[in-house]
Every structure is written in C-alpha cells, then in structure tokens.
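Biologist: I'm new to this one. Could you walk me through how to read it, feature by feature?

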Amino acid sequence: MIFKSPFPDVEIPNLSLPDYLMRETASYGSRQALIDGPSGRSYTYDQLREYIRRTAAGLQARGFGKGQTTAIYSPNVPEYAFAFFGTALAGGTCTTANPLYTPGELAFQIKDAGARLLVTVPPLLEAARAAAELAAAEGQKVDEIFVFGEAPGATPFAALLATDPATLRPVAIDPAEDVIALPYSSGTTGKPKGVMLTHRNLVANICQTHDLDEVDDHETLIGVLPFFHSYGMTVIQAASLSRGSTVITMPRFDLEEFCRLIQDHKVTIGYVVPPILVGLAKHPNVSNYDLSSLKFLNSGAAPLGLDLAQAVKNRLHCVVKQGYGLTETSPVTHTSPYPGRIKVDTVGVSIPNTECKIIDIVSGKELGPNEQGELYIRGPQVMKGYLNNREATDECLSADGWLRTGDVATVDEEGYYRIHDRLKEFIKYKGFQVAPAELEDYLMGHPAIADAAVVPSPDEEAGEVPKGFIVLKPEARRAKSDQELIEDIQAYIAAKVAPHKKLRRVEFVDQIPKSASGKILRRVLVEQERAARR
C-alpha cells in the first residue's frame, strides 16, 4: 500500500531557486541574513540579494553560463551563499565539495562534474591548485580559481562582487529540468556519484517543510552543518534564508565555540547531527554557557538514540527531535513538526507531497503498517538522477518516480516512521558517507595486502567507523608485527583520503567471504562485526 503524508499537499511555484529566494526575501531589507561566527562579519538581506546579482553578473562577464559548473571547496562562510546562488542565477550548476578532501578526491569530483571554475579559501588554495592540475591532466581544465579573501595566484572573490549588477543578463531556467546543485553521494553502492538536484527539487523541499517547523524571520540558526552536504545546503542555507532567518556560520565545529555562539547570538534553532548531541549531553563545559534561547534541536544524517535525545533534552530543557532524508531527496522526506507530536525514537512523519511504500526485501510485495521492509519514496524532491550514470540511476529510481532508499523501515498506525537498518553498503561516519569500494580500491594497492573488504563497525560516538577485514600476503608478517602492519595500513589510507574516511579499525582474516560471482558478502562481515561489538 502507498502511505501518504498526513499533511495536505502544498503548492510549488514554477520558479528557479534564486528567483524564489529573491521573491521571498524582498521585504527583509536590513535584517541580518548571514553572520560569520568567528569574526562577526555580517550581511543584511539587501546585501545578500545584491551580492548574488553581482556574483552572477561577474560570472557572466567571464563567459560562464547555462550548462556550466562551479565547484565550491570551502568551509561554511557567509560568502558561500553568494557563490552558490550567484552561480545558479547565472544559469550554472554548483558542485559542492568537502573542504577536508585531498587533492585526489577533489580532482575526481572536478573531473566528474565538469567544473570549469573553482571557489575556495586561502588555507585550501594549495590543495585546490593541486586538484586542478590533476583534473587538467585527465582532460578537465579549471579556467579560474577564486578565493574568499586574498591569496597570491588566485582571483579574489571580491572581484565578482565589484561587478555592476545592471550588466546581469536574464537566463531562461526550466526549474524541473535544470540542475542547480551537484552534491556527491555514494548512492547505494560504489564510488561517489553526482546527485543531480534541480531547481524544482530544492524549491519543492523548501515549500514542503515551510510550515512544519516554526522557522521564520524571528529565528536565529546556527550554521554548523556543512553547506557542501545537502542537509546544510537546503535546510540551512536555502530554506532558512528564504524565510528571513539569521544564520550564524561556523567554518568548523568546536563544541565550546558552538555553545558560545548560541549564547551570544541567542540562537533559537539548531539543525545538528548525533555527534554534536553527544557533546551537548556529556561535555562538562556545556554548563558554562547559557543555551536557554534554544527552542529545538533537530537531528539528522544518522540515527539518534532515544537515551541520547533524552539526556540532551534534560540538560538543555529544549525539544530534541529527528528527521530523515537523503542527498537524493534534496534532502528532507520525514520530520516531526515543531510544535507538534514528537516520538523521539522515530524520524517523524512524511512531509507534504510525499508518498512512501514499504517493500518486502525478498518478495517485493508492498507491506502494511508495522511490517518491516525497504523504504521507497516518491515526491517532487526526488533527484533527477546520477550524473552520467544511467545504470546507477536505474538501480534506485523507477520510471514512475519511486526512489529505493536502501533503508529498512516500518511505519506505525499514526504514520510515524522508524529506520531499523540499511541495505546500503556505505558507511555513515558522524553523518558523512564513506564508500567501502573506494577504501577497498586503495587497500588493494598496499604491497602487503592480498585481499580486503571494508564494512561499518558500530561506534558509540561516531555511529559507525570504517573497518577493514584484510587478508595479508604470506610474506607480510615476516618483516613486521601485526600491530606495526595495522599502523602502516592505517597511515597508508590516511594519506589518501579525507579524515572522515580513515580506516579506524583493522582485523586480519584468512579469507574474505564472497559469492559465486566474486561479489564481497559484506552482510556476513557486518553481522559478524555487530555480534563482536555487542
């Protein structure tokens, strides 16, 4: 059976995201839109709209336009919004990259996304240049690198902001077809894939969630979730700004700085991930700050335990709830409205214009309430598909719009969903996705390794950490002890990947379980690991 949202459908305007943002914020004028947490640098809504137009005009003056892509490789700063929305207003697409990526990881995304412009910050310029050189060697030339601020050998982003907005030429955007954002996700399997999110996808998700939380021009949000991730990109950068809220940006997470900014700016709403809630529940220094302005904390990107939620609620005296979504759904599909009935051990109910099915994993039969199966979702927030990857798109997206989430779920009689497990193979380390196949590829390049498999290993703080099951070559143990080999392998991987992808645990085994066709039976290893950690 198909489960519909308990909320009536909402109207989704046929507008590009920049046009929608401009329309919705026209009356906010001198209200603060963005404030840089560390420095206090700020921009009003009038300045936000002005600098988006100037950025777009500056990009057009450089020959950038529809069908072209800008890569943003930066932590959260206020100017991130100018680059993101300015690129979109010029008719282009933004591919957003993790600022912790190594040059090799960034080069892969630049090449795959076809980015011709790159925006970064001075501390990351060296890595950005190296990535651009690697991408150029594989046929994708980056025409220009911009920096927020100034650094030798790069164009100051301020050069775009100095452009006369009167020179901006209108661009015809088809909201349902034209891609505005290209974040990267592991999808259900394999290496990262570009998720094509259209203007309509993001505008729809903003409209779908508009009335579910009390987020408006009276609210102040903490912008700690990275804007390169769909959670931060849509929920904070796009949705909150479109409602006139003030966003305090944090370039990196530090618990005491997080608490100080909440206290000093009287932050009312926090969109967070479980590791932040662990700190709020357990760190003794949290008590040194006045966090009484908080109305609610909404957790996403990874499962939230009931005990942890209750501990934060008891300590901070604010509502703690969780929601659900995927990069492929722009991202929100489920939430517990505030104010409203909240079942903390659930991800809430499906949002307006969203349909769900629970499908039996073995038979493919549609299931009913309280029956466990794979969650399928259909709605206007579902992605267009994976960039240049029809096979991966067809594996998870049906012709009639149903997205296979790869997550095992149930829905109760009141329409509240629980996520029980994942069929997907990727690992979620502190809310960030880690593709086992990527780490396995690197491991197989180590001279001491004969075979390898990577699976999620349960961890109280991070949720999951990558663990490698490794078959050593016979001669490997002759020169080094097991502990020396483990340290060597972990260092080998750490040099090749971003910190969240590090191999946190290693176990040597005699063989890797595989199917007759040679496919790694990760589920066997996952079950073995869970049993060992109980």
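Modeller: Helices (H or I, at least four residues) and strands (E, at least two) are DSSP runs, numbered from the N terminus. Keep in mind that this is a predicted model, where local features need pLDDT of at least 70 and side-chain atom pairs count only at pLDDT 80 or more, while totals for chains, interfaces and linings use all residues. Residues are numbered from 1 along each chain as its sequence is written, and side-chain values use heavy atoms, with hydrogens and water left out.

Biologist: Over how many bridges do β20 and β21 pair?

Modeller: Strands of a sheet pair through backbone hydrogen bonds, either parallel or antiparallel. Here β20 (residues 355–359) and β21 (residues 373–378) are joined by 5 bridges in the antiparallel sense.

Biologist: What is the order of the strands in the open sheet?

Modeller: The 5 strands run β1-β20-β21-β23-β24, with antiparallel pairing. At the edges sit β1 (3–4) and β24 (417–422), each pairing on one side only.

Biologist: Is T405 buried or exposed?

Modeller: Buried means under 20% relative accessible area, exposed over 50%, and partly exposed in between (1.4 Å probe, protein chains only). T405, in strand β23 (residues 403–411), has 0% relative accessibility, so it counts as buried. Its side chain reaches the backbone nitrogen of D407 at 3.0 Å.

Biologist: And how many disulfides are there?

Modeller: A disulfide is a covalent bond between the sulfur atoms of two cysteines. With the cut-off set at a pair of cysteine sulfur atoms within 2.5 Å, the count is 0. For C207, the nearest cysteine sulfur belongs to C356, 19 Å away. C356 is in no disulfide either, with the sulfur of C396 its nearest at 15 Å. C207 counts as buried because its relative accessibility is 10%.

Biologist: Which residues are closest to the centre of the second largest pocket?

Modeller: On a 1 Å grid over the protein atoms alone, a pocket is an open set of points where a 1.4 Å probe fits, with protein on both sides within 12 Å along at least five of seven lines; lining residues have an atom within 4 Å of a point. Among the 36 lining residues of the second largest pocket, L100, R252, F253, K430 and F432 are closest to its centre. The largest share of that lining, 5 residues, comes from α10.

Terms used: A polar contact is a pair of N or O atoms within 3.5 Å; within protein, one must be able to donate a hydrogen and the other to accept it, and residues adjacent in sequence count only if both atoms are side-chain atoms. Two strands pair if DSSP finds at least two bridges between them.
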